[in-house]
There are 2 protein chains.
Amino acid sequence: MEAKTKPFNGVVEIKKEGNQFNLYRNNKPYYINGIGGFNNLDIAEEYGANSFRTWNSKHAGQVLDSASHHNMTVMLGITMSKKDEDYHDDNYKKQKRLEIQELLDQYKNHSSLLVWAIGNEINLGTNSAEAWTFVEDLASIIKEHDQNHPVCTVIAGANSDVINNITKYAPTINVIGINSYAGALHKVKEDCLKTNFEGPYIITEWGPVGHWEVDKTRWNAPIEQTSLEKAESYKKGFQYIKKHDDLFLGSYVFLWGQKEERTPTWYGLFVETNEDLDLKGEICPTVDVMCYSWTGSWPKNQAPIITNFTLNSKYAIDDICVNKGETFTGKVTAADPDCDELTYTWEILKEATKLGIGGSFEPRPAQITKNIKSSQNEFSYTINEEGAYRLYVYVLDGNNHVATANIPFLVK
Amino acid sequence: MEAKTKPFNGVVEIKKEGNQFNLYRNNKPYYINGIGGFNNLDIAEEYGANSFRTWNSKHAGQVLDSASHHNMTVMLGITMSKKDEDYHDDNYKKQKRLEIQELLDQYKNHSSLLVWAIGNEINLGTNSAEAWTFVEDLASIIKEHDQNHPVCTVIAGANSDVINNITKYAPTINVIGINSYAGALHKVKEDCLKTNFEGPYIITEWGPVGHWEVDKTRWNAPIEQTSLEKAESYKKGFQYIKKHDDLFLGSYVFLWGQKEERTPTWYGLFVETNEDLDLKGEICPTVDVMCYSWTGSWPKNQAPIITNFTLNSKYAIDDICVNKGETFTGKVTAADPDCDELTYTWEILKEATKLGIGGSFEPRPAQITKNIKSSQNEFSYTINEEGAYRLYVYVLDGNNHVATANIPFLVK
């Protein structure tokens, strides 16, 4: 068959040139401008992303084809247990070996494959010799059948005990992926250089200041950055990662899509699609920063900028309390770089109480208000029931862009 | 004379009510919304400031009258030596006692006087028993003749050794002034509470991240915040100081005016008046934040917002080098909340080499370009001489507002 004689069109290599690590794809330098998730690939391609990351290998064929269609590559995730006991379980390990073998048979020659990623944040559950020895086992199987793609494992934070164990027990790993959020990103390189690992790194998840890193109200509600503050965080993050491209082969921003985690807006680079609020997955200001970082140009139309947001003239850090039955007022100040006419969508939710761990599922908190769209940058409301709530504002420019902010408050 | 029988119209007291310190002026609560410096008092009054601070008592009569004209009060500074030897010098001390006596005779009954401030950052030179004992000596003279105004001493940073010495040797001091910049402000209260001093504090100088606190280029050029980043710093600062108004009687922002310190733009809340650049002391975005903090409202017209500034598509932290004779390009992205038409003034200066210490005089660095005004947000130039330079941009809205940013770079 002709296909077999065509030269394979997806050779990926890591080279060390002087003190500089470089990634090559088909003999051309390939810096990873990556996204975490694979929604909105049209926008990703238009804004200059060249790769995306998955956390598991479900529908890997479709996912790889879809990447190809958008001129992108894939860091293909292979789910691994975070429970140490599984690494002592021969059945679990046998299944995993079979799974890897199947993935290799089917996809090792897919031109969109960039890197194999064995596990995501295994270290949140175990850092045992058994776990990393088994990662080595799988990495060896991959290398035996596929010499064309680097093998990675992704960990949470640049923890030196973990990286040293990977170095010791899984020497076949070519590159380590680090998930790091804004509160810690600026010292990842420093931390990596303290370890025994002599290879390069990829920043495999990074984003705004994490909900575990921020100030909290007295009632323990984490205070979210406004979308402007997040955009500034991402800008600083890109500057840092690029400055250290001797060690970092690139990065994957989190999250190219939307999810509920403490709030519906914390980690998403887009807002949700929500008929109640008439939201259609609009683009946040953070994505403008990505466009600039990936292409050197800002998008033609940019997202609005929220410069201030208060409730009863107070800020989130003031531990805002209102009496039940008493009217309170939210006020937002926003500007639009394109001078688009702005509209304001307001929502009040109960503070999230069903909390996930490490990004696991959380339900959207109960909604107090519905579909309050306004041309006004002020919104007043009254609540008669005690409890912890959060006031959200979405500032829309009518051109598929949105700026977001929220303030936790207590009714008593 | 009638004046003598009129009740004195400027009684200032500190009261402790529960765990809360409050300042009262003529029996009314008086929270200090203060400025450091006394230029542009019209704007200060319009934007809601109610007090200003001086660093010495020159022309104290005019200064106090001017405050009265603008419905403001004065923290009147009394210059004190930072050299320990002076506190062992009877002549120096005799002169100071005379100076204090004269000030008391002339101004203790001026209705604009708010607080006496003995010294500014004495602790940068000495923390000796002799120095603070002499501060006590002067404080006692003041209290003997004037029971209507608190007495303060202002120090650099909330250093506990210093505050404990003040508590021990100068027990007549009613309130301590702390000068603190953005890198340290968020923990001033925590630091104060570790000391033996049982009175309240005023934040007597605070501003953007200091040039000693920021990242530097390889050639040691400190990287200045953009005016948007400074505005965000001030906003966080106001939030912090207000949140802790149990301990802080208010604050004085630095610097209500303009000065050269590393750059012409680092600390000023206004830009300079400079015919070469056609600058007329325009208002920076930081001042909009003050207006909001002092009055609860944003000014009618707001300053532009710089969202990005690069040189050859690189950021300051990239240690930008250009070859001599090679054309380089600066590019700024800005928005205006009022959609005013923006113009751009560009300037290249040599990097400052004649550096002051602790805010002392520095000359404006040598100018490479002159009067480059443009409607374009890009600017290209060529330099033929090796050295360290800095590219400045001033984004003007035509309504007395300006946004600023600069990038250090090396020509080699």
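**Ground rules.** I'm working with a predicted model, where local features need pLDDT of at least 70, side-chain atom pairs count only at pLDDT 80 or more, and totals for chains, interfaces and linings use all residues. Residues are numbered from 1 along each chain as its sequence is written, chains are lettered from A and ligands numbered from 1 in the order in which they are written, and side-chain values use heavy atoms, with hydrogens and water left out.

**The sheet.** I looked up an open sheet of three strands in chain A, with order 1-2-3 and antiparallel pairing. Strands here are DSSP runs (E, at least two residues), and helices are too (H or I, at least four), numbered from the N terminus. Two strands pair if DSSP finds at least two bridges between them. Strand 1 (12-17) and strand 3 (28-29) of chain A are the edges, each pairing on one side only. Two bridges link strand 2 (residues 20-25) of chain A to strand 3 of chain A. I found R25(A) opposite K28(A) in strand 3 of chain A.

**The A–B contact.** How many residues does each chain bring? Chain A gives 24 and chain B gives 24, with contact meaning heavy atoms within 4.5 Å. I noted four salt bridges between chain A and chain B (a side-chain nitrogen of Lys or Arg within 4 Å of a carboxyl oxygen of Asp or Glu). E229(A) and K236(B) form a salt bridge through their side chains, at 3.4 Å, N to O.

Which element of chain A supplies the largest share of its side touching chain B? Helix 8 of chain A does, with eight residues.
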